[in-house]
Amino acid sequence: MKILEVNNLSKDFGGLRAVDNLSLAMEQGEILGLIGPNGAGKSTAFNCIAGVYPPTEGTIRFCEERINNRKPWDLCKQGLARTFQIVKPFSSKTVLYNVMVGSFANTDRKSTARDKALDVLDFLHLADKRDLPAGSMTIADRKRLEIGRALATEPKLILLDEVMAGLRPTEVDEMVDIIRKVRDSGISVFLIEHIMRAIMALSDRLAVIHFGKKIAEGAPKDVAADENVIKAYLGDEYVVS
Amino acid sequence: MTRHQLQILSLVLVGVVSFGLPLVLRSPTYLHILILLYLYAYLTSSWNLVGGFAGVLPLGHAAFVGIGAYTSTILSLQYGLSPWIGMIVGGILAVLVGILIGLPTFKMRGAYFALATIAFGEGIRVMVENIDYIGPLKLNGPRGLEIPPLKTGLTHFMFAGKEPYYYIILVMLILVITITYLISQSKLGYYLNAGGEEPEAAMALGVNVVRCKLIALAMSSFLTALAGTFWAQFTLFIHPKSVISLDMSFEIAFIALIGGRGSIAGPVLGALLLRPVSDFSRIYFGDKLPGLHLIIFGVVLILVMLYQPRGLQEPLTRAYNRLLDRLTGARAEQALGRSRA
């Protein structure tokens with residue numbers, strides 16, 4: 001089953017076309033990576049899928065259901081969770097509180113939400129930090145908390161927007177392990193990332209966009225050898241022919 | 001004694017003192033001051049459901065006080081309905097008005113929301129000041145409405161002494177604090193806090209932020225309107241400047257900010273500190289320096305914002321917890337010290 005299907009998606013901001021005729025499809029249980037230079041439209045594409053912006057054109061299907069103008073909170077309850085590139089923790093609240101907000105998506109009972117949140121914190125090795133205020137944590141922990149809150153909503157598909165940016169190499173390795181574990185628990189992962197080492201190792205398939213258009217798609221090593229991709233990242237002179 | 005038992009004991013102590021106070025305190029002046037203190041603690045606690053938990057700053061809550069006061073007064077003066085029934089009707093009316101105000105304004109952020117609520121509050125006051133009749137209902141414009149003290153007793157919500165009013169507002173205050181506590185422990189409380197702090201993140205986690213805020217505003221305006229009826233029955237005279245005044249809206253916000261927005265104890269602590277300042281400065285300086293209490297409010301607000309930006313509730317809670325630790329954990333600490341040595 002296709003978990004996510006994006007067909008001819010375009011998004012305009014005034015005269016600027018941020019996403020241009022983008023088509024993507026994702027199988028269930030897959031890790032799909034999305035890369036591209038800064039300003040290529042990656043986050044905008046994410047925001048359209050997550051219901052933050054209504055698409056200008058095209059259709060988005062999630063679990064074979066059209067979700068074009070659905071609101072973020074409804075999508076979340078259907079099983080589509082996301083993280084933010086710039087982390088947005090509820091800073092004055094504890095880590096546990098933050099994750100519980102997520103786990104309330106599937107229950108009205110506080111004790112159930114608390115149990116679910118504690119499970120997620122265990123899964124992410126954050127359990128010992130559960131009583132710290134989220135605002136006092138390091139960036140690596142805050143990125144992890146972002147994932148934790150999203151996981152607590154019990155998603156089928158999770159959109160990860162640069163969860164490794166700003167991390168040290170060892171922390172990147174830990175995050176790669178976490179994302180693998182997330183996929184192994186049956187959740188499909190769609191991620192944007194700039195750290196090539198990580199995204200090459202993680203992704204089953206990789207899509208590249210540039211100026212809102214998809215310029216390549218396929219297995220990571222094929223994409224890395226693609227002429228258009230090298231041009232987009234390094235400029236015309238670097239193409240070896 | 002365990003920590004939990006101590007907490008209950010201190011709550012019971014506060015309860016006994018507040019219920020027993022009128023037996024000791026015979027002066028009507030002091031009772032009056034206490035009643036106003038509880039009234040403001042009640043108003044601020046009701047405000048806190050939106051202004052504290054939902055993270056917005058509404059500055060027009062006096063409008064709901066006015067709706068409550070006018071509704072119950074008109075119903076009892078013109079139709080002979082008990083103010084208790086009018087109280088509920090006023091509450092329901094306030095909910096409707098609150099939702100009408102909330103629908104457009106909750107799309108705004110920060111200062112714009114605050115300004116819009118001031119505009120709504122003032123708009124309602126100006127309307128009431130300029131309307132003598134709505135159909136058969138007599139509002140009496142700027143002259144206000146007087147409630148003749150003919151029949152006293154519980155059903156008429158009118159008493160000769162101040163003690164019954166004291167107990168009524170005390171019970172109302174305890175109820176609103178209980179409601180606040182229950183909400184803070186519920187899904188709605190989590191969602192309100194989340195939506196107030198980071199709306200975008202909250203939405204992505206399944207929170208319909210605007211709907212949660214509307215629910216909070218509906219509850220807040222209902223509870224606030226009940227205080228309006230109390231005010232009317234307590235003073236027996238209402239006019240637009242007394243029950244729909246901007247000063248009242250501001251004072252509620254002052255108390256909340258100084259006591260601690262979004263906490264349960266904050267509104268009560270804020271009222272405990274600020275109401276006596278307001279009353280005593282009026283008693284002692286009222287003839288020579290009118291308005292001094294507002295200057296004192298301002299100074300206190302600046303000091304608190306500089307040194308305790310989350311309100312007085314925070315250091316006081318810490319002190320209270322430390323006291324509990326000392327009382328309960330003394331023995332445990334000694335044991336720990338010995339094992340270290």
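Select β1 and β2 of chain A, which run antiparallel and are joined by eight bridges; strands here are DSSP runs of E with at least two residues, helices are runs of H or I with at least four, both numbered from the N terminus, and two strands pair if DSSP finds at least two bridges between them. At one point along this pairing, Lys2(A) stands opposite Glu27(A) in β2(A). The two strands form a hairpin with two residues between them, and in its turn Gly14(A) has a positive phi of about 60°.

The model is a predicted one, in which local features need pLDDT of at least 70 and side-chain atom pairs count only at pLDDT 80 or more, while totals for chains, interfaces and linings use all residues. Residues are numbered from 1 along each chain as its sequence is written, chains are lettered from A and ligands numbered from 1 in the order in which they are written, and side-chain values use heavy atoms, with hydrogens and water left out.

**The six-stranded sheet of chain A**

Now turn to β6-β7-β8-β3-β9-β10 of chain A, the order in which six strands form an open sheet with mixed pairing. Here β6 (80-82) and β10 (213-218) of chain A stand at the edges, and each has a single partner strand, so one side of each lacks a neighbour in the sheet. From one strand to the next, the twist averages 15°.

Select β9 (residues 205-210) and β10 of chain A, which run antiparallel and are joined by five bridges. Along them, Ile209(A) stands opposite Lys214(A) in β10(A), and Ala207(A) has Glu217(A) as its bridge partner in β10(A). These two strands form a hairpin with two residues between them, and Phe211(A) in the turn has a positive phi of about 50°.

**Salt bridges within the model**

Over all chains the structure holds 29 salt bridges, each being a side-chain nitrogen of Lys or Arg within 4 Å of a carboxyl oxygen of Asp or Glu. One to display is that between the side chains of Lys116(A) and Glu154(A), at 3.7 Å from N to O. This pair links distant parts of the chain, 38 residues apart, with Lys116(A) in helix α4 (residues 110-123) of chain A and Glu154(A) in the loop between α5 (139-152) and β7 of chain A.

**The interface of chains A and B**

Finally, show both chains and select the residues in contact (heavy atoms within 4.5 Å): 20 residues of chain B touch 24 residues of chain A. The two chains bury about 2,000 Å² between them, 62% of it on carbon and sulfur atoms, where buried area is the accessible area (1.4 Å probe) that two parts lose on being put together, summed over both. Which residues of chain B lose the most area to chain A? They are Lys187(B), Tyr190(B) and Leu205(B), which together account for 34% of what that side buries.

The rule finds two salt bridges across this interface. To see one of them, select Glu200(B) and Lys88(A), whose closest N and O atoms are 3.9 Å apart. On the side of chain B that touches chain A, α7 (187-197) and α8 (199-204) of chain B each supply at least two residues, and α7(B) gives the most, with seven residues.

Notes:
Axes are lines fitted to C-alpha atoms, for helices over the stretch in contact, and angles run from 0 to 180 degrees between N-to-C directions.
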